[in-house]
Amino acid sequence: MNAETALFLLLPVAAVSGWLLARRQEGRRGGNETSRLPPDYFRGLSYLLDDQHDKAIDIFIRMLEEDSETVELHLAVGNLFRNRGEVDRAIRIHQNLVNRTTLSDEQRVQAMFELGEDYMRAGLLDGAENLFQELVEKEAYLSESLRHLIDIFQQEKDWRKAIDAGFKLEQAGATDVRPMIAQHYCELTEEARRKGELKLAREMLKRARATWPRCVRASLIEGGMAMEAGRYEEALLAFQRVEQQDADYLPEAIPMLHACYQQLGMPQQMLDYLQTMVERHGGLGTMLALAAMICERQGGEQAAAALLGYLCEHPSLRGLDQFVELVSRCDNIEDQSMFANLGGVIKRLVEDDPDYLCHNCGFQGKVLHWQCPSCKHWGSVKPLHGIQKKPPSNRVLSLVAP
Ligand SMILES: [Zn+2]
């Protein structure tokens with residue numbers, strides 16, 4: 001017997017023992033101590049072990065017809081098939097349960113929910129949608145069903161239905177849905193823009209902002225639409241909102257902000273803006289945009305000096321690469337102290353690099369551990385050699401070869 005078969009054997013046993021326990025407790029309540037394992041169960045189990053799954057299912061389904069108390073067992077066996085990836089068989093079991101007339105309301109909605117999960121796994125979205133809609137109407141498995149429905153509507157790009165389900169989910173107590181609903185409104189905005197329905201696009205955008213005022217995507221779309229209409233001041237305000245909403249996305253707004261300031265004939269204001277953003281939030285992307293602008297207006301040496309000042313605080317290989325590029329554009333660098341500072345940046349990059357790497361889990365450190373402190377494997381932590389060094393996870397981008 002291989003391991004998988006053994007595991008498969010254990011799961012129905014666990015399921016049936018739970019079922020028996022429930023029966024026994026029920027028996028006690030009724031003053032009846034006797035309980036037995038149905039002989040059909042063992043026949044079904046042996047078919048399962050012989051990999052004759054369809055014969056096993058026939059037996060289990062017949063058991064259900066004769067004894068509706070085996071519902072829990074059927075749910076367990078159905079879920080077992082789904083977890084094994086045998087979705088067709090799971091559907092057969094759960095479908096049969098749903099069609100039974102003897103089920104309690106609670107059992108029926110449970111079987112419906114499981115069948116819905118089977119349909120999701122099988123990619124039968126229409127069937128799943130119908131079941132989850134019915135469950136939502138019954139207010140059974142409400143949150144889970146709504147999340148499945150949202151998943152389905154997203155796959156079908158039916159954003160309006162996804163929005164409705166999202167708000168219902170919020171009413172059911174979910175607190176994390178508004179950023180997602182704002183994204184759905186943004187999808188509707190983009191859709192309307194593609195069709196040239198600008199009035200509708202503006203309306204959807206308004207709703208995105210009303211639903212989740214911190215939606216960065218809404219600001220970027222709003223700025224883009226204003227730019228298209230030639231309203232650059234308005235576009236500026238939209239793009240500048242990104243800083244308050246989530247400064248991590250600033251590099252997405254910067255090229256558009258640059259274009260707006262350019263159109264308005266205000267390049268110095270762009271330079272000031274970038275300077276302020278670097279001071280407030282740092283970020284190599286913003287710093288590189290600032291360096292490019294300084295290079296444009298004041299020359300490569302000024303730009304290289306500004307970038308180097310940043311790199312002394314935040315050393316990175318990607319920044320270093322850009323620094324070398326800027327310097328190579330300059331005919332004659334007058335400020336020789338730059339190169340001394342550059343040495344300092346490189347030294348810090350090397351110092352930060354780990355000397356040892358766990359080949360089992362990726363743990364990195366400065367000293368040799370014979371047992372990995374992270375995954376507890378013995379002999380998997382080894383010294384790193386020069387360029388074979390794997391990038392530290394927090395610096396993956398800056399170390400990727402160009
Ligand atoms: Zn490890």
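Start by selecting Gln269, which is partly exposed at a relative accessible area of 36%. Under 20% relative accessible area a residue is called buried, over 50% exposed, and in between partly exposed, with a 1.4 Å probe and protein chains only. Gln269 sits in helix 15, residues 267-281. Helices (H or I, at least four residues) and strands (E, at least two) are DSSP runs, numbered from the N terminus.

What you have open is a predicted model, in which local features need pLDDT of at least 70 and side-chain atom pairs count only at pLDDT 80 or more, while totals for chains, interfaces and linings use all residues. Residues are numbered from 1 along each chain as its sequence is written, and side-chain values use heavy atoms, with hydrogens and water left out.

**The whole chain**

Zoom out and colour by secondary structure: the protein chain has 20 helices and three strands. Of its 402 residues, 41% are buried. The protein chain exposes about 22200 Å², and 49% of that comes from carbon and sulfur atoms. These areas come from the Shrake-Rupley method with a 1.4 Å probe; for residues, only the protein chains shown count as cover. A contact means heavy atoms within 4.5 Å. Among the contacts in the protein chain with a separation of 6 or more, 49% are between residues 24 or more positions apart.

**Helix 7 and Phe132**

Next select Phe132, in helix 7 (residues 125-137). Is Phe132 buried or exposed? Phe132 is buried, with a relative accessible area of 0%. Leaving out residues up to four places away in sequence, Phe132 touches Phe113, Gly116, Glu117, Met120, Ser145, His148, Leu149 and Ile152. Show His148 from that list: its C-alpha atom is 7.4 Å from that of Phe132, and the two residues are 16 apart along the chain.

**The loop at Lys157**

Move on to the loop between helix 8 (142-155) and helix 9 (159-171), where Lys157 lies. Lys157 is exposed, with a relative accessible area of 57%. Its phi is near 55 degrees, a positive value in a residue other than glycine. Most residues other than glycine have a negative phi.

**Helix 12 and Glu222**

Select Glu222, which belongs to helix 12 (residues 216-228). Glu222 counts as buried, at 17% relative accessibility. Its contacts, not counting residues up to four places away in sequence, are Leu205, Arg209, Ala238 and Arg241.

Two strands pair if DSSP finds at least two bridges between them. Strand 1 (residues 356-358) pairs with strand 2 in the antiparallel sense over two bridges. Select Tyr356 and you can find its bridge partner in strand 2, Gly365. Strands of a sheet pair through backbone hydrogen bonds.

**The zinc ion**

Select the zinc ion. Which residues coordinate the zinc ion? They are Cys358, Cys361, Cys372 and Cys375, each through its SG atom, at 2.3 Å. Donors are N, O and S atoms within 2.8 Å of the metal (3.2 Å for Na, K and Ca); water is not among the atoms, so sites may look incomplete. Along the chain, the donors of the zinc ion follow the spacing C-x2-C-x10-C-x2-C. The arrangement is tetrahedral because the four donor atoms around the zinc ion subtend angles of 107 to 112 degrees. Four donors count as tetrahedral if all angles lie between 85 and 135 degrees.

Compare two of the cysteines. Cys358 is buried at a relative accessible area of 2%, whereas Cys375 is partly exposed at 23%. Then select Lys376, in the loop between strand 2 and strand 3. Lys376 is not a glycine, yet has a positive phi of about 65 degrees.

**Last stop**

Finish at Cys312, which is partly exposed, with a relative accessible area of 29%. The structure holds zero disulfides, a disulfide being a pair of cysteine sulfur atoms within 2.5 Å.

Terms used
Four donors count as tetrahedral if all angles lie between 85 and 135 degrees; four count as square planar and six as octahedral if opposite donors are over 155 degrees apart and all others between 65 and 115; anything else is irregular.
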